[in-house]
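Work through the exercises below with the sequence and the structure at hand. Each task is followed by a solution in steps.

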Amino acid sequence: MGFYEEGKWWVSPSNFEEEVIQGLKFPQRIEILDTTLRDGEQQPGIVLTRKDKVAIARKLAEVGVHRIEAGTPAVSQEDADAIKEIVDLNLGPKVFCFVRNMVEDMELAKSCGVDGVLAEVPGSEHLLKYGKKWTVDKAIKAAIDATTAAHELGLYVTFFPADSSRADMHFLLDTLQAIEEGGHMDAVALVDTFGAFSPEGAALRVRKLKERFSKPIEVHFHDDFAMGVATTIAGLAAGAEVCHVSVNGIGERAGGAALEAVVMALEVLYGIKTGIKTERLKELSRLVEDLTRFKCQPNRAIVGDRIFGWETGLPSSLWLNCKDTNPLAMLPYHWKMTGQTEPRIYLGKKSGKDNLTKWLNDSGIVLNEEQEKDLLKNVKALSIALKRDITRDEFLTLVEELKK
């Protein structure tokens, strides 16, 4: 593994310099927990039916995620039934659900047959005081009672202190220790509910948790500053064993760390094998787009429909020159790695002669040099008028008009 893998990727050699690598403390194995069916659905306007959730869970299993957070059974009977069906299908990944720190929620989770729970309670003093309007003692007691019950029911318990990224460090560590001593935690989730971490802050807090607790640390980070992927990678590089992600980065407010971006960054930029079938990321993304009716931007990293292609003249020419000999000269990774299609050459305002020649050749059209100049001029004018690149039909219409 390194910065260049023939036919796969070509990234910066600086990523693999010894002085960079020696500062990374990735665990031996990283588990991917996908929360599309829970946190993803919490994106306002997204509603997933039982059938939708089962379809997405099947695809997540095919792609190779290690854990599926299948929903919150207390939300509705439909959610509880979906979770039960996903469990009964025995797809391969462990199945978790999201619960409040209430004994009845743990019992409901057990009735759904899940492997484990993400047990949530506000994890910062200010969110307890102003949001929940609970005392710290009340929150600790509720967590102790609920996590003890979950453990007795045979559930794996990931304790999920919301907003723990903004909590006072001493408050967070001492509160978690009180819950660990009085209740039960198999793992601790560091939760950046409001996307407030810098990568460096995330790494520091993971290290502090690992110093205090001899149990796995999970990272659940949001994207309010478009840093969710970066902070997630930083948390993993500091030793966290599990990352929470969602397909297309959907989730509350600005969403969370995108599964496809976290996986590709680990695989390509850091040389970390995830076990994810990256060549199926695009089809997974498309399924989630279709079922959520929440469309990706066409230039979205990894899964966008238009990230492999050029309209501007110079890069289009560079691509056409190298695509058959070494396409990675113009790409950070090969499109086949993620299930994308071969890069396209678009035609519009910024295009040059090589773009036009490609379109003419593909259409089997022969023009003289003067006609080509006029056609390119007309292409640019139409593109400016339409404020976009032009379609194949519009191009053919321009050709026909030129020949009249």
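**Exercise 1.** Which residues line the second largest cavity?

*Solution.* The model is predicted: local features need pLDDT of at least 70, side-chain atom pairs count only at pLDDT 80 or more, and totals for chains, interfaces and linings use all residues. Residues are numbered from 1 along each chain as its sequence is written, and side-chain values use heavy atoms, with hydrogens and water left out.

Step 1: On a 1 Å grid over the protein atoms alone, a cavity is a set of points where a 1.4 Å probe fits but cannot get out, a pocket is an open set with protein on both sides within 12 Å along at least five of seven lines, and lining residues have an atom within 4 Å of a point.

Step 2: read off the lining. The second largest cavity is lined by Thr35, Asp39, Gly40, His220, Phe221, His222, His244, Val245, Ser246, Ile250, Gly256 and Ala257.

Step 3: sort by class. The lining has four nonpolar, seven polar and one charged residues. Here Ala, Val, Leu, Ile, Met, Phe, Trp, Tyr, Cys and Pro count as nonpolar, Asp, Glu, Lys and Arg as charged, and the others, Gly among them, as polar.

**Exercise 2.** Describe the largest cavity.

*Solution.* Step 1: its volume is about 80 Å³, a volume being the space filled by probe spheres set on the grid points, which are joined across faces, edges and corners.

Step 1: 14 residues line the largest cavity, and Val121, Pro122, Gly123, Thr175 and Ile179 are the closest to its centre.

Step 2: α7 (169-182) provides the largest share of this lining, five residues.

Step 3: by class, the lining of the largest cavity has twelve nonpolar, two polar and no charged residues.

**Exercise 3.** Which element gives the most to the lining of the largest pocket?

*Solution.* Step 1: the largest pocket holds about 350 Å³ of space.

Step 1: of its 21 lining residues, Phe98, Glu120, Val121, Phe160 and Ala162 lie nearest the centre.

Step 2: β5 (94-100), β6 (116-122), α5 (125-132) and β7 (156-162) each supply at least two lining residues. The answer is β6, with three residues.

Step 3: ten nonpolar, five polar and six charged residues make up the lining of the largest pocket.

Note on methods. Helices (H or I, at least four residues) and strands (E, at least two) are DSSP runs, numbered from the N terminus.
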